[in-house]
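User: Please take a close look at the ligand site in this structure. I would like one connected account of what surrounds the ligand, and then a word on the nonpolar core.

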Amino acid sequence: MLLFYIDCTMKTFYVTTPIYYTNGPPHLGHAYTTIAADVIARFKKLQGYDVYFVTGTDEHGQKVEKAAKEAGKTPKQFVDELVDEFKSLWVELDIEYDKFIRTTDDYHEKAVQNVFQKVYDAGFIYKGNYEGWYCVPDETFLTDGQLVDGKCPDCGRAVQKEKEETYFFKLSSFKPQLLKLFEANKNFVEPQSRWHESYNFFKDELRDLSVTRKSVKWGIPVPFDKSHTIYVWFDALFNYLTAIGYDGKTAKTAGKYWPADVHLVGKEIAKFHAVYWPAMLMAAGLEVPKKVYAHGWWTIEGQKMSKSTGNYVEPREVIKKYGSDAFRYFLLRENTFGDDGDYSQKSFDSRYNGELADEFGNLANRTLVMLSRYCGGKIPAKPKTSKLKETVEEKVKVYEEKMEHYQFNRSLEAVWDIIKGANKLVNDTAPWKLAKEGKQSEVDAVMYELCEALRITAILLYPFMPRKTAELYTALGLEDLKAAKLKDAKWGKIKAGTQTKTGAVLFPKIV
Ligand code: MSP
């Protein structure tokens, strides 16, 4: 009889990306958040967590309705085509999500109607009239006072006047609870600057929020008044729950992954996640997420990213030329997650040729070639003393600590200290000379150290570069990097006698 054991003691970790508007194809900004979420998910798995990772598409609302009309398509036809583009890019980028949610999925629409009804029954939704401004690109309501030079304060684009019957959500009544949430947890929103920004957004004045549209037909109908559709942000935010099984009626259906450990978002949508979303959850009798992490924005070559001006990065082209791992690496290495960053070709090439080709790739290549030449390609016995062990152990700790705080560039720096240390060891000891002088035991000792440093490096870099690290792991004669855990990144675990292989260069230089 076969027995299957499910480890119920395993700690869960739930990470999400924003769900992306299907008004155009995926771009660098979408890829950035999704790659970051994938890196976090893979890292948490390395730590031994039971991880759930959700991404998807936000398909309703005025912005998508308008884009479909301009393309001469029905909204459904239009979004179906774009969803395929998102999904196929995620395949190319090795995004290992557990669930891709579409807000046009039946189960989502049903659950959103249920929860809308629930919040209405609880007395938190009432009928009224909205009069004010609306920014279609951001799908956001704005007051006179919020406009900057008559334009949207967030995206700087033109706004339109709206006057229509609507149902309001009693957002204002949640102010005391929101204040408590923010004051009790200074890390509820990170980085700190975004906590302050979100807090300042509501601490003085918090108005009720219009949560239905009469003039927008492309949306989920309000269950008790079919002449209205549900506001796209109310619909979209609940994806984080419906994706994991929440039926809109009973909190229990949210299951073991709720509350989410982290919602990754771009800085421009922090307020929706940090203020509106917790209030909606409170109204529905649900727990709030543990953290909202808002990252910064990319400019391209110092300018605002814009397809119309040609200042644009096409992810698929970068992948074609440099490979998906290099793209993933660059985005998380180039700047601090949380800050704005600039994407420049010069910097990409310098990191690719310098850090990936010359430092990491070359270390892997020359180690395996020397091992084959001087040791028959077999891992030598573990030497009694080690020159790299101490640094490696210290850097593994730094790596883990920085990863916990989503300081990806700092974790990568720690790994690069290992790589640099190993390259220095090669240069200092010159194994080819030792071999010529017949000092085989010294050659063996150095080669063992290099292989062990590479094995540990492969484990640490796996969340960032799952393809190349798996190639390296296999070349080292090891199996199944995906199943490795962070506790395997301990010095001295590589087995003597393991047969390695030399193979293709990991990162061929690109000029
Ligand atoms: N549909 C909403 C989110 C709903 S979540 C319940 C939305 N979609 S979006 O398509 O506009 O995607 C927003 C996300 O794209 C941002 O949060 C950010 O992750 C990413 N970015 C868009 N442009 C960006 C840059 N120039 N730089 C970095 N990321 C940016 O908002």
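Analyst: In this predicted model, a polar side-chain atom of glutamate 268 is placed 3.3 Å from an oxygen atom of the ligand. Of the 670 Å² of accessible area that the ligand has on its own, the protein covers 95%. Several elements give two or more residues to the shell around the ligand: strands E2 (20-21) and E13 (262-266), together with helices H1 (28-46), H7 (232-237) and H8 (239-242).

Backbone atoms also take part in the polar contacts. Glycine 266 has a backbone N or O atom 2.8 Å from an oxygen atom of the ligand. A polar backbone atom of isoleucine 19 lies 2.8 Å from a nitrogen atom of the ligand.

The ligand is surrounded by 24 residues, and Ile19, Thr33, Asp58, Gly266 and Trp298 are the closest. Sorted by class, this shell consists of 13 nonpolar, nine polar and two charged residues.

As for the nonpolar core, the largest one contains 101 residues. Within this core, the residues with the most contacts are Phe327, Tyr343, Phe360, Tyr399, Phe408 and Trp416. The element that gives the most to this core is helix H16 (residues 440-461), with 13 residues. The core lies between domain 1 (11-296) and domain 2 (344-488), because both domains give residues to it.

Key: Residues numbered from 1 in each chain as written. Predicted model: local features only at pLDDT ≥ 70, side-chain atom pairs only at ≥ 80, totals over all residues. Heavy atoms only, no water. Near = heavy atom within 4 Å. Polar contact = N/O pair within 3.5 Å; in protein donor to acceptor, adjacent residues only side chain to side chain. Areas by Shrake-Rupley, 256 points an atom, 1.4 Å probe, with all protein chains shown as cover. Helix = DSSP H or I, 4+ residues; strand = E, 2+ residues; numbered from the N terminus. Nonpolar A, V, L, I, M, F, W, Y, C, P; charged D, E, K, R; others polar. Core = buried A, V, L, I, M, F, W, Y, C linked by side-chain atoms within 4.5 Å. Buried < 20%, exposed > 50% of the residue type's maximum accessible area, 1.4 Å probe, protein only. Domains from an automatic or database assignment.
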